[in-house]
Amino acid sequence: MPDSSVRAKLIGAVMDGAFEAPPWTAFLGQLRELTGADFATLMLRPPGRPYGEALSLFSGEGTRQSVDDVWTRYNVSLDILSDLELEEGRIYAFEELYPPRNPAHMAYYHEVVVANGITASRMIRLMEPAGVSGWLAISRRGADFGPDDDAIIATIAPILRGVLRFYVALEHERFTSTVTGDAMRRLHFGWMALDAKGHVVEHDPEAGSVFAQSGVLNKGPNGLLTVYPKALRQKIFEAIESLAANPQGRPRAFTLNQDPWLDMLLMSASHNRLSVHPRAAIVGYIHGDSWQATDRCEQLVQLFNLSRSEARLALAISRGMTITQAAESLGIKVETARKCTKLIYAKTGAGGLPDLVRIVMRSVLVLAPKD
């Protein structure tokens, strides 16, 4: 068995491997060096998925491309490990693994095992609680592995199993975060974290786009949030100061721009902390419409067979105007606007004003491409 410092280094590599890309690169290299193996591999297969879709990690002689080539030609079509029925937690030796009992796998055996002169192997199967199966293997040319090598694998296997459980949960969160982030971007939602003085300490890419393109919000050279016009800036900074002083205070909403639409919600970071930045006191949620009013109206005309005047009225009402305000803005009588609104409800299927707002501003329509 290696001394305690070497074991600690190997265990550290197992734990850190979940954050590497590709994962467990350092661990496999250290395991190979420690056991004198020519090759070290770790394969991870999600539950119910074919072996060809497993994650194959490799350390040893040869290029990654050659390993992937073998994997593609053999493991996609042949479930090699399915014939082994390895007992979880038991260490298997070379003679228990090769030659394969299934004649269909002999080509793999000769090209990979025999051609590389592999005469010694150890393999152990790991089962992660969520159902992910893992196979850790070391192999080499020449003399067989000994009891010390078996002890290393036996020591590291339960640690790897525990870290694998964390890795599977982390990958699930990464996937969820990616899907959620993509939806947020498509819906043109962004966020920024502000300190108590209004400095932007963190933000997502969508908020960065707003800073670069909106002409309303920006991040100054010293990180201070800049807002145009000044009257709007004063209201926003009063809200920031109030929320920073009273984290239990009610969120504040602001309309930043009418065309294209841009609004923002400010709330205390303690309500829903998106940022781990220690200075974050306020979270600002930003939502915008990437369409200009004329483009959005044209979309409504095409989708719901609205007239252009109906589309303009529907958009105005959905963007926060009362019927009276919308009528004045469009230069029509209030009574005409009321009658027109009923036609809009009928054509769009809206059950009322809240439903119309949802259809025009908050539904999947905002995902529609411009091209």
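## Salt bridges in this model

Nine salt bridges turn up here, counting a side-chain nitrogen of Lys or Arg within 4 Å of a carboxyl oxygen of Asp or Glu. Keep in mind that this is a predicted model, where local features need pLDDT of at least 70, side-chain atom pairs count only at pLDDT 80 or more, and totals for chains, interfaces and linings use all residues. Residues are numbered from 1 along each chain as its sequence is written, and side-chain values use heavy atoms, with hydrogens and water left out.

## Arginine 122 and aspartate 144

One of the bridges pairs the side chains of aspartate 144 and arginine 122, at 3.1 Å from N to O. Aspartate 144 sits in the loop between strand 5 (133-140) and helix 6 (147-186), while arginine 122 belongs to strand 4 (residues 120-127), so the bridge ties together parts 22 residues apart in sequence. The helices (H or I, at least four residues) and strands (E, at least two) are DSSP runs, numbered from the N terminus.

Glutamate 171 is partly exposed at 30% relative accessibility, and arginine 174 is partly exposed at 35%.

## Linking two loops

Next up are arginine 279 and aspartate 195, whose side chains meet in a salt bridge at 2.7 Å, N to O. Arginine 279 is in the loop between strand 11 (262-268) and strand 12 (282-288), and aspartate 195 is in the loop between strand 6 and strand 7, so this pair ties together parts 84 residues apart in sequence. Arginine 279 is partly exposed, with a relative accessible area of 44%, but aspartate 195 is buried at 7%. As for shared partners, salt bridges join Arg122, Asp144 and Asp150 into one network.

## Around alanine 196

Alanine 196 is in the loop between strand 6 (189-194) and strand 7 (200-203), and is partly exposed at 41% relative accessibility. What does alanine 196 touch, leaving aside its neighbours within four places in sequence? Its contacts (heavy atoms within 4.5 Å) are Ile240, Ala244, Arg279 and Ala281. Alanine 280 is 84 residues from alanine 196 in sequence, yet their C-alpha atoms are 7.5 Å apart in space.

Terms used:
Buried means under 20% relative accessible area, exposed over 50%, partly exposed in between (1.4 Å probe, protein chains only).
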